[in-house]
Amino acid sequence: ENQPASNVWDVGFIARWSGWAALRMMDMQSTNNSKLARWSERPLPDDRTFAQKGLALELVFDLANRCGTGPWLCMPHRGDNDFLRRAASLASEKLDERLPLWVEHSNEVWNPDFEQSAYASQQGMAAGLAPDANTARWRWHAKRSREIFAIWSQPFAGQVAGTQRLKRVLGTQTGNSWGTQQLLRDPVIETTDVLGVSAYVPLTPGVNTSPTAAEVARWPLERVFEHFEKELEQLERWQAEQRRWCARHGLLLAAYEGGQHAVGIGEAVRDAALERLFTQANRDERMGLMYRRLFDRWEDADGDLFCHFASVSPPSRWGHWGLLEH
């Protein structure tokens, strides 16, 4: 009740997330499957809810300023150039000039689970960028990223250290070196600062996988962490390959998401025993040790920014994503 009306944020929330290297706003912006196309459709600070369109950009920048932490923005895949120009202008006006800013075309455009992936394929095919949908998806992602970077660079070019503040992120799929090559053949490479990859350590059994969800549900915790150790080795190989592309083109390597990825897939999400096992594993002190090895190997790969997914999330059959449970 004593909080000033100008501050909409809970004091504890601001204290918890102040001083971090970055806040990736992907979910707060409702990036995946976004319908935003024009500036007039954007969420506004006084909207009754942000559940459908995402958080208003004015509040994104207010949060970043209060936390003293640079925001990572994901531009909606349907957003037109006017939307991009106005968003970039608002950022240059509202965001503390001492803070860095990451900007990216949507999120996981390579991932067919999201509408932006199909949209990129359609646009790429229509533009004649490739004869097949998969290649067209990657090439459209590169083309649209290049256009986004050009628009966002304009308002920051006139600022002191403006070009150093703006980090232009080209997102790729960690284990897909071919996809990365499709991106880097585009002139976008000339205006890209960061190659964004994921850094997950997965355990995703299903009804018909090998091993099956039923088998994994009977594993002792020791077996779970043995599995994670093997996955760390595979991730290390993938990161080394992506790092080679970064070194060749003078890019930073950043993790747009990362952490443990223990969750049943398909019908296995209904397996209560599997969920209990994953909850126990996520709360086990060995998970902390696994994270230390994950971060050590990330540094060994000369990785830069690492964004954990996500900040706060309760455990459930849909995953155990939160850095904090509550």
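Helices (H or I, at least four residues) and strands (E, at least two) are taken as DSSP runs and numbered from the N terminus. The structure is a predicted model, in which local features need pLDDT of at least 70 and side-chain atom pairs count only at pLDDT 80 or more, while totals for chains, interfaces and linings use all residues. Residues are numbered from 1 along each chain as its sequence is written, and side-chain values use heavy atoms, with hydrogens and water left out.

Two packed helices are described by the angle between their axes and the distance between the axes. Here the axes are lines fitted to C-alpha atoms, for helices over the stretch in contact, and angles run from 0 to 180 degrees between N-to-C directions. The axes of helix α4 (residues 115-126) and helix α5 (residues 133-157) come within 7 Å and cross at roughly 95 degrees. Helix α4 is therefore roughly perpendicular to α5 (angles under 35 degrees count as roughly parallel, over 145 as roughly antiparallel, 65 to 115 as roughly perpendicular and the rest as oblique). Contact means heavy atoms within 4.5 Å; on the α5 side, Ala-133, Ala-136, Arg-137 and Trp-140 meet residues of α4, including Tyr-119 and Met-125. The residues of this contact comprise six nonpolar, four polar and one charged, where Ala, Val, Leu, Ile, Met, Phe, Trp, Tyr, Cys and Pro count as nonpolar, Asp, Glu, Lys and Arg as charged, and the others, Gly among them, as polar.

For helix α9 (residues 221-249) and helix α11 (residues 285-300), the axes come within 10 Å and cross at roughly 10 degrees, so α9 is roughly parallel to α11. Among the residues in contact are Phe-225 and Glu-229 of α9 and Arg-293 and Trp-298 of α11. Nine nonpolar, one polar and seven charged residues form the contact of α9 with α11.

Pockets were located on a 1 Å grid over the protein atoms alone: a pocket is an open set of points where a 1.4 Å probe fits, with protein on both sides within 12 Å along at least five of seven lines, and lining residues have an atom within 4 Å of a point. A volume is the space filled by probe spheres set on the points, which are joined across faces, edges and corners. The largest pocket has a volume of about 1,000 Å³. Its lining has 38 residues, of which His-308, Phe-309, Ala-310, Ser-311 and Leu-323 are the closest to its centre. Helix α11 gives the most to this lining, with five residues.
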